[in-house]
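Dear colleague,

My notes on what turned up in it follow.

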Amino acid sequence: DLLIHQTIRNLMEKFQKILYCDRCTIFFLDDDENELYFYLDTKCIRFSMNEGIAGAAARNRSGEIVNEVYKDIRFNRSVDRQTGYRTRNILCEPVLTREGKVIAVIQMVNKFGAHGFNIKDQLLLKSCAAKISPGLLAIQSLNKQIDCAGDVNWNNVREEDARVSDNNSIGVFLDEEMGETVYATNFKSRRSSSEIKQELEMLEIVVSSLRTDQNILQPKP
């Protein structure tokens, strides 16, 4: 779990440097609940996909550039009021799978300089989003697994103890060591901790190569 949060932090910091802006947030999509969620430190915060500029990007599967957020009725001003932070402009880009399904939204906030975000920034973020899509899909899948199952000792789960649900995506398993029944992702599709770690490490490699791999880069500040 800590590895996930560190990977997300590294990714957001990288995007801040590439897009030359003050803040970045990655919102993951929970399509079962029709919500977006993000991590503040290790706390998970959720809101409806029908809210905000990020929600619009997710619903429409297209990027959003808003350089005067206080003139946009979709902007949630309460966060600025509570934190004292002043949001000037926002760039949002959905992260899509190869099949075109939204799994996350990247939100960049407060471009340095006087002119805000532009189409070049949007194309750059869209290119980056495509590159990190497999890694974010792995994190989204793991988030669902953790939400369903908590900490499951997979070594103590036997296939004959599994009762798979009709949709073949969520099952019920017996953790022998804990002596209790837990909800978890399908036994046959579960991944070991080493496989998950490998996927996160691959995402880190992609993140570290983003700047040198782009043809349309912002100049370094």
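**Arg 86 and its contacts**

Leaving out residues up to four places away in sequence, Arg 86 touches Tyr 70, Asp 80 and Asn 110, where contact means heavy atoms within 4.5 Å. Please keep in mind that this is a predicted model, in which local features need pLDDT of at least 70 and side-chain atom pairs count only at pLDDT 80 or more, while totals for chains, interfaces and linings use all residues. Residues are numbered from 1 along each chain as its sequence is written, and side-chain values use heavy atoms, with hydrogens and water left out.

Arg 86 lies in the loop between helix 3 and strand 5; helices (H or I, at least four residues) and strands (E, at least two) are DSSP runs, numbered from the N terminus. With a relative accessible area of 53%, Arg 86 is exposed, given that buried means under 20% relative accessible area, exposed over 50% and partly exposed in between (1.4 Å probe, protein chains only). Arg 86 and Asn 110 are 24 residues apart in sequence, and their C-alpha atoms are 8.8 Å apart in space.

**Backbone**

Most residues other than glycine have a negative phi. Asn 110, however, has a positive phi near 60°, and Asn 34, also not a glycine, has a positive phi of about 55°. Asn 34 is found in the loop between strand 1 and strand 2, and at 34% relative accessibility it counts as partly exposed.

**Largest pocket**

The largest pocket has a volume of about 1,000 Å³. On a 1 Å grid over the protein atoms alone, a pocket is an open set of points where a 1.4 Å probe fits, with protein on both sides within 12 Å along at least five of seven lines, and lining residues have an atom within 4 Å of a point; the volume is the space filled by probe spheres set on the points, which are joined across faces, edges and corners. Of the 33 lining residues, Thr 25, Phe 27, Phe 38, Val 79 and Gln 107 lie nearest the centre of the pocket. The lining divides into 18 nonpolar, eight polar and seven charged residues, where Ala, Val, Leu, Ile, Met, Phe, Trp, Tyr, Cys and Pro count as nonpolar, Asp, Glu, Lys and Arg as charged, and the others, Gly among them, as polar.

**Aromatic pairs**

Phe 27 and Phe 38 also form an edge-to-face aromatic pair, at 5.4 Å centre to centre and with 85° between the planes; rings of Phe, Tyr and Trp (its six-membered ring) pair if their centres lie within 6.5 Å, and planes over 60 degrees apart count as edge-to-face, under 30 as stacked and the rest as tilted. This pair links Phe 27 in strand 1 with Phe 38 in strand 2, 11 residues apart, and both Phe 27 and Phe 38 are buried. Ring pairs join Phe 27, Phe 38 and Phe 47 into a cluster.

**Asp 30**

Asp 30, found in strand 1 (residues 21–30), is buried, with a relative accessible area of 11%. Neighbours within four places in sequence aside, Asp 30 is in contact with Glu 35, Tyr 37 and Arg 46, and of these Tyr 37 is buried, with a relative accessible area of 3%.

With best regards
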